Amino acid sequence: MKILVINGPNINMLGLREPGIYGSGTYEALLSFVRSVCEKEGIEVSFFQSNHEGDIVDCIQKAYGEQDGIVINPAAYTHTSIAILDALKAVSIPAVEVHISDVKSREDFRQVSYAGRVCVRTYMGLGFDGYKEAVLFLKQYLNNGV
Ligand code: DQA
């Protein structure tokens, strides 16, 4: 089973970025955390992070025929990007949305999620553990279809 983990803008700044909201763990720490979860679960994982919307669209398109599932934190593009939503629809790869913070309890402008409309599940407010939950859910979903 192959899972692609996509992170959007400013996720590479974890650790430095608003630690009161996103915690003190770095992006590299997030990668090794997810890598160790996937290793344990027998999942082949790859990672992509970009601050550019079109690069994320390209990455999703390239996943077609290559990846079984996608874990995506589109970051700020969650709330603006129809292009990322359309790319996820185009490839039809089961995707799970993750947000480190609890976006539901934040500003009004964060209350819309475009990508979330096509994702089979969303985890938010769990910190790095949201990625673990997403991987575990996706494994079960891909194996059993639920
Ligand atoms: C985020 C929440 C978004 O609203 C924000 O723009 C981010 C990170 C999260 O992981 O909590 O960059 O997706």
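Which residues are around the ligand? I began with this question, keeping in mind that what I have is a predicted model.

**Entry 1: the ligand and its surroundings**

I looked up the residues around the ligand and found Arg 17, Tyr 22, Asn 73, Ala 75, Ala 76, His 79, His 99, Ile 100, Ser 101, Val 103 and Arg 110. Sorting this shell by class, I noted five nonpolar residues, four polar ones and two charged ones.

I then went through the oxygen atoms of the ligand and what they approach in the protein. For His 99 I found that an N or O atom of the side chain is 2.8 Å from an oxygen atom of the ligand. For Ile 100 the atom concerned is a backbone N or O, and it lies 2.8 Å from a ligand oxygen, while a backbone N or O atom of Ala 76 lies 3.2 Å from an oxygen atom of the ligand. I also checked how much of the ligand is covered: taken alone it exposes 320 Å², and the protein buries 99% of that.

**Entry 2: strand E3**

**Entry 3: the partners of E3**

Next I asked which strands are joined to E3 by bridges. Strand E1, residues 2-7, runs parallel to E3 and is joined to it by five bridges; within this pairing I noted Ile 6, whose bridge partner in E3 is Ile 72. Strand E4, residues 95-99, also runs parallel to E3, with three bridges between them, and here I found Val 71 standing opposite Val 96 in E4.

**Entry 4: helix H4 and Leu 88**

In helix H4 I picked out Leu 88 and asked why it counts as buried. Its relative accessibility is 2%, and because buried means under 20%, Leu 88 counts as buried. Finally I looked up its separation from Tyr 141: Leu 88 and Tyr 141 are 53 residues apart in sequence and 17 Å apart in space, C-alpha to C-alpha.

Conventions:
Residues are numbered from 1 along each chain as its sequence is written. This is a predicted model: local features need pLDDT of at least 70, side-chain atom pairs count only at pLDDT 80 or more; totals for chains, interfaces and linings use all residues. Side-chain values use heavy atoms; hydrogens and water are left out. A residue is near a molecule or strand if one of its heavy atoms lies within 4 Å of it. A polar contact is a pair of N or O atoms within 3.5 Å; within protein, one must be able to donate a hydrogen and the other to accept it, and residues adjacent in sequence count only if both atoms are side-chain atoms. Accessible areas come from the Shrake-Rupley method with a 1.4 Å probe; for residues, only the protein chains shown count as cover. Ala, Val, Leu, Ile, Met, Phe, Trp, Tyr, Cys and Pro count as nonpolar, Asp, Glu, Lys and Arg as charged, and the others, Gly among them, as polar. Two strands pair if DSSP finds at least two bridges between them. Helices (H or I, at least four residues) and strands (E, at least two) are DSSP runs, numbered from the N terminus. Buried means under 20% relative accessible area, exposed over 50%, partly exposed in between (1.4 Å probe, protein chains only).
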